[in-house]
Amino acid sequence: MQNKGEVLLSKCSKAFKSLVRRKQVDSVHERTEGHQLARKLTALDLTAIGVGTTIGAGVYVLVGTVAREHTGPALTVSFLIAGLAAALSAFCYAELASRCPSAGSAYHYAYICIGESVAWLIGWSLILEYTIGGSAIARGISPNLALFFGGEDKLPAFLVRHAIPQLHVVVDPCAAVLVLIVTVLLCAGIKESSLVQTIVTTVNVCAMLFIIIAGGYLACKTGWAGYELRDGFFPFGVNGMLAGSAVVFFSYIGFDAVTAAAEETKRPLRDLPLGIGMTLTLCCILYMLVSVVIVGLVPYYSLNPDTPISSAFSVNEMQWAAYIVTAGAVTALCASLMGSLLPQPRLLMAMARDGLLPSFFSDINTSTQVPVKSTVAVGILAAVLAFFMDVSELSGMVSVGTLLAFTVVAISILILRYAPPDEVPLPSSLQQFIDSVRKQLDDDGQAAERKTYNDDNIVEQSPQLSEHGEASIQYPFIGKQLTEDKKCRSKRRKIAVWNIAFFCIGVVVLTSAASVDYLPSLVRFSLGAVGAAILLCSLIVLACLKQDEARHSFGHTGGFLCPFVPFLPAACILINVYLLISLGVGTWIRVSIWLIMGTSVYVFYGWRHSSLRNAVYVPMAYLDHIYCASSSHQV
C-alpha cells in the first residue's frame, strides 16, 4: 500500500509540474529551421495598427450613451481616468514585449512567466475574443454603409442583409465579403496590410479631427451651451463619473494588438514600447477632445443615444456633417476589423510552435513570410460567423479575454521581478551535453573556490582521508556561506511567490464583495475587510522584499522597464479583476462553457503534444555552454 501511495503521489506531482512548466524566452538558439516572419514594421506602422484597432465605431455612439446615463459634461474626465487605468496595463505590456519580442502576446508572456496551463487558458480566451470581435465588427459595417449611401435600397442587392425565416437568421453578405477581402490583404504580407491599415486609420483620424475642429468652432459661436447647465459639471456626482470611466475603459482595448506583431518589428526593444505608448496617448487625446466638443455643443440630455455626433451637428444646422461622421465610422470599423484579424493567426502560430495545436497553424509562407494557412482558416471562420450569426449578444465575452490577458500580464511582471525563471527547458536529445557541461562547470567551480580561498588563507585546512584513501581539503566556512546565500535567495523567492498568490486571492475576495449585490451588507463588508487585509499585507511584504537580481539578465535586456513595481502592476490587477467580476453571470456562464471546451482540447491534445513534454530543465548559467558544446560536436 505504501508503494502504491508513493507511486500515486509521484504521478500527481509529475502531472502538476507539467501544468506549470515554463518555456524559454525565444532567442537565437531557437527556431533556426524554417522560414521566419518578415521584420518590416516600424514604430509608425505599429502605431497605425494600434490606433486603428483601438478606435472603433463605438466611440461615435459611446459619447452619447455614457454622457446621458452616467457623466454629463464630465465625460472628458471619465475618458481621462479610463485612459490612465489602461496605461497601467500598457506599462506592463511594454516591458514584456521588449523582453520577449515574439508572436503570441499575453499567451507568450504567461507561458514564460507562469506556466503552460495558464498560458493555454489565456490563448484559448484570446481566440474567442478575436473570433467574436472580428465577426461583430464586420456585421456593424453594412448598416453604416447603408446610412452613408442613403439607405439599404441604395446598396447592391448582393450586399443587403436578407432574412431567412426557415432558419430564423439574418444573413449579412456584406460582412462576409469584407472579412474575406481583409483576409486576402493580410495574406499578401505584413508591410502591405500595414500600409492599408495606415491609410484607413488616417482617414478615420481625419474624420475625428473634423469633428473636433468644426465642432469646436460651432461651440465657440454658440457659447458652449452644453456646459451652461444648472446641474453643474458633475450632474450624476463622482460615482457617476467613475461608472462612466468603467464603461469607456473598453474603448481603449486594442493597444495590445501592437504586441501581436512583435516578431515582425525591425527594432522591437525600442519600437514596441514606443508603438504602445503612442497608440494609447493618441487615442486618449482624440477621445477627450471629441467628448469636450460634443457635450459642449448641446446639453448632454439632448444627445441622441444612437447618433450623438451627427445629431449634435444637425442641431446646429450642419446636416451634411453626418456624411463625414459616417465615413469616419465606416473607416473605424474597417481598421478595427483588420486589427482583430491580424493577431489571431499569429497567436495560433505561436501555440502550434509550442505543440499545443497542430503544426498546420505554424506554417509560414515562403514568399509573403506570413502564416497564410492560419490567416485563411481564421478568415473563413470569421466570414461564416459574420454571414450567419448576430454575435452582438456575445460581445461581452470579448471583454473577458482582454481583461484576463491584462491581469495575467500584470502578474507576469511581478513574477519576473521577484521570482524570474531560473531554469530553462532543453530537448532531451541534448542530455549528454547537459551532463557533460554540468560536470565540467561543477568541477571548475570547486577548483576555483579552492584556489581563491587557499591563496587568501581565509579558512583552516583540515586534511581528511577521502574514500580512495587520499587526502582532500575541505572548506567548511566557504561551503556554509555559499549554501546560506543560496538558501536565502530561495527563501526570498518562495516568500515572493506566496505573497503574489495571496495578493491575487485578496483582490478576488475584495472585488467580489464590492460587486455582489444580493449578499447581506454585513457579509459583504466582512468579506471586503478580509480581502483588503490580505491584499494590503501581501503588497507591503512585496514592497519590502528585494527584487531578484536575475531580472537584469532575463530575456532581451536594454528595453523598457515598468515603473513603480509592485504598486503599478498591483493596481492593474485590482482594476481588471473588478471589471471582470462586474461583467455579469450570463457572460461568465458562456465563457465557462468555452473554457471547459478549451480544457478538454488541452488535456486530450495540447498536454500530450507539448514541446516541453520531454524537456530537461537546466540552470540558465549552463545554457550557453550547452549550446557551444552541441555546436562543437556537430562541427
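Are Asp354 and Lys23 buried or exposed? Both Asp354 and Lys23 are buried, where buried means under 20% relative accessible area, exposed over 50% and partly exposed in between (1.4 Å probe, protein chains only).

1. **Basis of the note.** The structure is a predicted model, in which local features need pLDDT of at least 70 and side-chain atom pairs count only at pLDDT 80 or more, while totals for chains, interfaces and linings use all residues. Residues are numbered from 1 along each chain as its sequence is written, and side-chain values use heavy atoms, with hydrogens and water left out.

2. **The chain as a whole.** The chain holds 23 helices and six strands, which are DSSP runs numbered from the N terminus (helices H or I, at least four residues; strands E, at least two). Of its 635 residues, 50% count as buried. Among contacts (heavy atoms within 4.5 Å) with a separation of 6 or more, 84% are between residues 24 or more positions apart. The accessible surface, computed by the Shrake-Rupley method with a 1.4 Å probe and, for residues, with only the protein chains shown as cover, comes to about 29,600 Å², and 65% of this belongs to carbon and sulfur atoms.

3. Side chains of opposite charge can pair when their charged atoms come close. A salt bridge here is a side-chain nitrogen of Lys or Arg within 4 Å of a carboxyl oxygen of Asp or Glu, and by this rule the count comes to 14. One of them joins the side chains of Asp354 and Lys23, at 3.1 Å from N to O. Asp354 lies in the loop between α15 (343-353) and α16 (372-388), and Lys23 in the loop between α1 (2-19) and α2 (43-54), so this pair ties together parts that are 331 residues apart in sequence. Glu264 and Arg346 also form a salt bridge, with their closest N and O atoms 2.8 Å apart. That pair links the loop between α11 (257-260) and α12 (268-297), where Glu264 is found, to helix α15, where Arg346 is found, across 82 residues; Glu264 and Arg346 are both buried.

4. **Other salt bridges.** Glu549 and Lys546 form a salt bridge in which the closest N and O atoms are 3.5 Å apart. Glu549 counts as partly exposed at 45% relative accessibility, and Lys546 counts as exposed at 52%.

5. **Helix α2.** The end C-alpha atoms of α2 are 16 Å apart, which agrees with the 16 Å that its twelve residues should span at 1.5 Å a residue, the expected span being 1.5 Å times one less than the number of residues. Eleven of the twelve residues are buried, so α2 is largely enclosed by the rest of the structure. What covers these buried residues includes α9 (190-222), α11, α12 and α14 (321-341).

6. **Phe79.** This residue is found in helix α4 (residues 75-99) and is buried, with a relative accessible area of 0%. Leaving out residues up to four places away in sequence, Phe79 touches Val63, Val248, Ser251, Tyr252, Cys284, Tyr287, Met288 and Ser291.

7. **Asn316.** Asn316 is placed in the loop between α13 (308-315) and α14, and at 16% relative accessibility it counts as buried. A polar atom of the Asn316 side chain lies 2.9 Å from the backbone oxygen of Ala312. Apart from neighbours within four places in sequence, Asn316 is in contact with Leu218, Thr222, Leu297 and Val298.

Note on methods. A polar contact is a pair of N or O atoms within 3.5 Å; within protein, one must be able to donate a hydrogen and the other to accept it, and residues adjacent in sequence count only if both atoms are side-chain atoms.
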